[in-house]
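I opened this notebook to record what I looked up in the structure. The entries follow the order in which I consulted it.

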Amino acid sequence: MISITAIIKSKQENIEEVKTLIQNLVTQTRKEEACVRYDLHTTDNVFIIWEEWKDQAGLDIHNNQPHLQDFIAKSEALTAAPIQVYKTIQIL
């Protein structure tokens with residue numbers, strides 16, 4: 001199992017637009033075969049996606065999906081900082 005945490009910080013004036021883009025991303029990603037979990041959390045202008053993938057091959061497929069590439073391209077001008085992505089391993 002592979003765990004990913006992605007942190008997306010929207011510019012204040014773009015919160016609703018970023019939220020809509022992320023919601024579409026979540027909806028499309030949850031349809032992927034290797035996706036175990038793709039949960040969206042938020043606080044203020046920060047969106048956090050908690051992901052779990054069956055394996056690296058499935059994550060690689062996800063990283064090349066048009067819906068992810070489209071999200072990255074469209075959100076770039078709407079975010080206050082680069083998207084942070086952490087690949088983690090559960091220790092407890």
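**Pocket lining**

I found that E1, E3, H2 and H3 each supply at least two residues of the lining of the largest pocket. Helices (H or I, at least four residues) and strands (E, at least two) are DSSP runs numbered from the N terminus. This is a predicted model, in which local features need pLDDT of at least 70 and side-chain atom pairs pLDDT 80 or more, while totals for chains, interfaces and linings use all residues. Residues are numbered from 1 along each chain as its sequence is written, and side-chain values use heavy atoms, without hydrogens and water.

**Helix H1**

I then listed its buried residues (under 20% relative accessible area, 1.4 Å probe, protein chains only): Ile-15, Val-18, Leu-21, Ile-22, Leu-25, Val-26 and Thr-29. They cover an arc of only 140° around the axis (from directions to the C-beta atoms), which puts them on the same side of H1. The face turned away from that side carries Glu-16 and Thr-20, both exposed (over 50%).

**Strands E2 and E3**

I noted that E2 (residues 35-43) and E3 (residues 46-53) run antiparallel, joined by 8 bridges; strands pair if DSSP finds at least two bridges between them. Leu-40 has Ile-49 of E3 as its bridge partner. In the hairpin, with 2 residues between the strands, Asp-44 takes a positive phi near 50°.
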